[in-house]
Amino acid sequence: MPPDFYYGKIKMTLTATQKLFAKPLTAALAALLLACAAPAWADDHAQFQQGYTAYQAGNYAQALRLWQPLAQKGNAEAQFALGLMYDKGQGVAQNDRQAAAWYQKATNQGLADAQVNLGLMYANGRGLAKNYRQAAAWYQKAANQGNADAQFNLGLIYDNGWGVAKNYRQAAAWYQKAANQGNADAQYNLGLMYYNGQGVAQNYRQAAAWYQKAANQGDAAAQFNLGLMYDNGQGVAQNDQQAAAWYQKAANQGHAKAQYNLGVMYFNGQGVARNYRQAAAWYKKVLAQPDTPENAEAKALARENLQGLSKRGVR
């Protein structure tokens with residue numbers, strides 16, 4: 001009999017990843033161990049490495065004791081490390097101004113990771129007056145050195161017109177550079193640019209290809225969008241099983257729209273065996289999601305569909 005409620009799918013998530021990224025603490029310090037290993041810096045390198053070993057062991061006071069003298073005598077890597085410790089409140093009281101001050105010292109010596117984090121301090125108004133122009137300037141310096149986080153952040157700055165004139169071509173170009181280095185957020189955003197034809201010619205094949213790269217790294221929004229492209233046959237051959245598989249991956253990460261669409265797949269028997277109980281279970285997961293504008297449509301439809309299933313005796 002015909003359904004008495006709505007079973008359509010929710011459409012593409014078209015919101016770019018908006019988070020500006022700093023250089024992660026452990027990854028940054030590990031990279032710096034290699035960066036400061038020149039013979040002329042041998043003693044400083046050994047001391048820096050001892051500090052890193054202490055830091056990894058959770059002995060922040062010892063790391064601070066070893067890094068502070070290096071920072072005070074001008075070692076850029078140690079200055080950056082101190083900035084990170086003040087940023088996170090590790091071994092010292094959390095202090096945005098001190099973090100920004102130490103990042104500034106390291107940026108003045110051209111350290112790309114510090115330039116990224118100083119840009120983030122300006123973008124968020126932490127320890128410094130909020131200033132997107134300054135943020136963009138520091139991201140640009142780091143991006144020119146090949147720093148993928150900076151390239152992504154600069155793309156986001158141009159994408160949104162924060163402190164610069166909005167420029168989708170520039171945004172796409174910087175996302176491309178970061179995406180080529182494996183930055184999953186840039187890969188997802190670049191996929192959106194190709195899907196929407198912003199800054200690049202619209203190309204669903206390219207959109208699907210970049211979603212695929214981000215999805216393979218576990219990006220839930222990319223997994224959902226890739227599921228929709230398989231569902232609709234956009235840029236890829238239509239394939240219900242692939243659609244259901246990618247919805248499942250995103251749904252398992254708590255993506256409300258993917259949970260809803262997976263429920264629809266189970267109701268309709270698309271890509272999976274028809275199973276009304278599974279459909280209801282996924283709709284219930286949608287209703288357990290936070291009440292946010294992003295989740296509103298999925299929650300409203302899930303509630304409606306659960307009511308319809310209830311009339312059929314499915315709880």
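**Ground rules**

I am working with a predicted model, in which local features need pLDDT of at least 70 and side-chain atom pairs count only at pLDDT 80 or more, while totals for chains, interfaces and linings use all residues. Residues are numbered from 1 along each chain as its sequence is written, and side-chain values use heavy atoms, with hydrogens and water left out.

**Entry 1: helix H11**

I began with helix H11, residues 204–216. Helices here are DSSP runs of H or I with at least four residues, strands are runs of E with at least two, and both are numbered from the N terminus. I found 13 residues in H11, reaching 18 Å from the first C-alpha to the last, close to the 18 Å expected at 1.5 Å a residue. The expected span is 1.5 Å times one less than the number of residues.

Which residues of H11 are buried? I noted Ala-207, Ala-208, Trp-210, Tyr-211, Ala-214 and Ala-215. Buried means under 20% relative accessible area, exposed means over 50%, and partly exposed lies in between (1.4 Å probe, protein chains only). The cover over these buried residues includes helix H9 (168–180), helix H10 (184–196), helix H12 (220–232) and helix H13 (240–252).

**Entry 2: H6 against H7**

Two packed helices are described by the angle between their axes and the distance between the axes. I looked up H6 and H7, whose axes come within 8 Å and cross at roughly 165 degrees. The axes are lines fitted to C-alpha atoms, for helices over the stretch in contact, and angles run from 0 to 180 degrees between N-to-C directions.

I then listed contacts, meaning heavy atoms within 4.5 Å. The H6 side includes Leu-118, Leu-120 and Tyr-122, and the H7 side includes Tyr-132, Trp-138 and Tyr-139.

**Entry 3: salt bridges**

Side chains of opposite charge can pair when their charged atoms come close. I counted a salt bridge wherever a side-chain nitrogen of Lys or Arg is within 4 Å of a carboxyl oxygen of Asp or Glu. How many salt bridges does this rule give? The count is five.

One of them joins Asp-87 and Arg-126, at 2.6 Å from N to O. This pair links distant parts of the chain, 39 residues apart: Asp-87 sits in helix H4 (residues 76–88), and Arg-126 in the loop between helix H6 (112–124) and helix H7 (132–144). Asp-87 is buried because its relative accessible area is 12%, whereas Arg-126, at 23%, is partly exposed.

Another salt bridge pairs Asp-291 with Lys-299, with the closest N and O atoms 2.5 Å apart. Shared partners also join Asp-87, Asp-96 and Arg-126 into one network of salt bridges. Is Asp-291 buried or exposed? Asp-291 is exposed, at 70%, while Lys-299 counts as buried at 6%.

**Entry 4: helix H16**

I finished on helix H16, residues 293–311. Its 19 residues should span 27 Å, and the end C-alpha atoms are 28 Å apart, which agrees. The buried residues of H16 include Lys-299, Leu-301, Leu-306 and Leu-309. Those buried residues pack against helix H14 (256–268) and helix H15 (276–287). Just after H16, I found Gly-313 with a positive phi of about 85 degrees.
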